Amino acid sequence: MITGASSGLGAEFARQLAPRCQTLVLVARRTEPMEALASELRLEHPDLSVGVLKADLTQSADRAELLKQLASAGLHPDLLVNNAGMGDYGEFVKSDWSKTEAMIRLNVEALTALTHALVPPMIEGGGGSVIQVSSLASILPIPDFAVYAATKAYVTSFSEALRLELREQGIRVTALCPGPVHTNFGEVARRQQTGDESPFREAFYVDAKQVVKEALSGLACNAPRVFPGWKVAAAAAVIGVLPLVLIRLAMGTRPRR
Ligand SMILES: NC(=O)c1ccc[n+]([C@@H]2O[C@H](COP(=O)([O-])OP(=O)(O)OC[C@H]3O[C@@H](n4cnc5c(N)ncnc54)[C@H](OP(=O)(O)O)[C@@H]3O)[C@@H](O)[C@H]2O)c1
């Protein structure tokens with residue numbers, strides 16, 4: 001089951017998982033792009049069964065309905081890709097609270113609730129895997145991206161602890177921590193039309209195909225975290241050894257959004 005499968009990384013996960021799965025369940029709010037993707041995948045993989053489920057994952061009622069639909073179809077996902085997520089660029093104090101609240105509900109609450117509901121049946125079934133889509137932002141406090149970075153810090157920390165809890169029970173948990181990727185993410189996160197990305201940031205962009213390919217190979221070798229692309233991996237390695245005081249200095253002088 002892939003959440004946030006109507007665009008970006010979620011749709012790419014569906015494309016790359018299709019040849020390896022019997023059944024794919026695609027979840028998001030917009031059904032039209034998911035139905036189009038499902039038709040494309042059914043044509044390419046005639047033995048594949050693809051289900052499209054509409055849910056606003058910020059809503060607990062929608063999540064409950066989604067779980068009900070899975071149960072009534074007799075589906076027990078053995079791979080959960082918790083990918084649905086959103087960001088919000090700009091100062092925290094000037095943020096629209098409804099957007100900030102939705103971001104926390106989606107990035108933190110929905111991801112945790114789906115993991116809580118779907119991992120126990122995986123354990124009963126003898127094994128399974130979870131990819132928690134986090135971000136490079138999870139290892140940095142980022143001004144003008146403060147709540148997003150904090151939600152992803154939660155995701156990476158939760159993922160690391162959960163994989164230790166579940167390691168004896170045949171469940172793999174991998175945190176996928178991409179740097180920037182060209183998807184709809186920027187459009188959703190942007191508060192108003194702004195200029196192009198700085199060339200420095202642009203240099204870190206990694207193609208969605210590459211991100212998903214590295215995520216799936218990381219899961220296959222049970223990697224705790226995957227930072228796709230060598231520049232992003234190198235940046236993560238440097239950040240990991242820098243003292244907090246230098247990180248504060250660097251973040252304090254970074255161009256504002
Ligand atoms: N792109 C990047 O630079 C980047 C970098 C690091 C991490 N990430 C992470 O990668 C993940 C995927 O993002 P993306 O880059 O592929 O962006 P995207 O193209 O905007 O995709 C986001 C997906 O989440 C779904 N979604 C949003 N709100 C939802 C809701 N309330 N209920 C259900 N589904 C919802 C969207 O579908 P609907 O709108 O149809 O609901 C869409 O399918 C996110 O967790 C993001 O934080 C992205």
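Visitor: Which residues line the largest cavity?
Guide: This is a predicted model, where local features need pLDDT of at least 70 and side-chain atom pairs 80 or more, while totals for chains, interfaces and linings use all residues. Residues are numbered from 1 along each chain as its sequence is written, and side-chain values use heavy atoms, leaving out hydrogens and water. A cavity is a set of points on a 1 Å grid over the protein atoms alone where a 1.4 Å probe fits but cannot get out, and lining residues have an atom within 4 Å of a point. The lining consists of Thr-3, Leu-57, Asn-82, Asn-83, Ala-84, Leu-106, Ala-110, Leu-111 and Leu-114.

Visitor: Which element gives the most to the lining of the largest cavity?
Guide: By class, that lining has 6 nonpolar, 3 polar and no charged residues. With 4 residues, the most is given by α4.

Visitor: How much space lies in the largest cavity?
Guide: The structure holds 1 cavity of 30 Å³ or more. The space in the largest cavity is about 40 Å³.

Visitor: Which residues are closest to the centre of the second largest pocket?
Guide: A pocket is an open set of points with protein on both sides within 12 Å along at least five of seven lines. Of its 19 lining residues, the closest to the centre are Met-1, Cys-21, Thr-23, Asp-78 and Leu-79.

Visitor: Is Leu-9 buried or exposed?
Guide: Leu-9 is found in helix α1, residues 8–17. Leaving aside residues up to four places away in sequence, Leu-9 touches (heavy atoms within 4.5 Å) Asn-83, Pro-178, Val-181, Thr-183, Ala-208, Val-211 and Val-212. Buried means under 20% relative accessible area, exposed over 50%, and partly exposed in between, with a 1.4 Å probe and protein chains only. Because its relative accessibility is 13%, Leu-9 counts as buried.

Visitor: How far apart in space are Leu-9 and Thr-183?
Guide: In sequence, 174 residues separate Leu-9 and Thr-183. From C-alpha to C-alpha, the distance between them is 7.3 Å.

Visitor: What covers the buried residues of α5?
Guide: Helix α5 has 21 residues, 146–166, and reaches 30 Å from its first C-alpha to its last. Its buried residues include Val-147, Tyr-148, Lys-152, Arg-163 and Leu-166. Among the elements that cover them are α4, β5, β6, α6 and β7.

Conventions. Helices (H or I, at least four residues) and strands (E, at least two) are DSSP runs, numbered from the N terminus. The expected span of a helix is 1.5 Å times one less than its number of residues. Grid points are joined across faces, edges and corners, and a volume is the space filled by probe spheres set on the points. Ala, Val, Leu, Ile, Met, Phe, Trp, Tyr, Cys and Pro count as nonpolar, Asp, Glu, Lys and Arg as charged, and the others, Gly among them, as polar.
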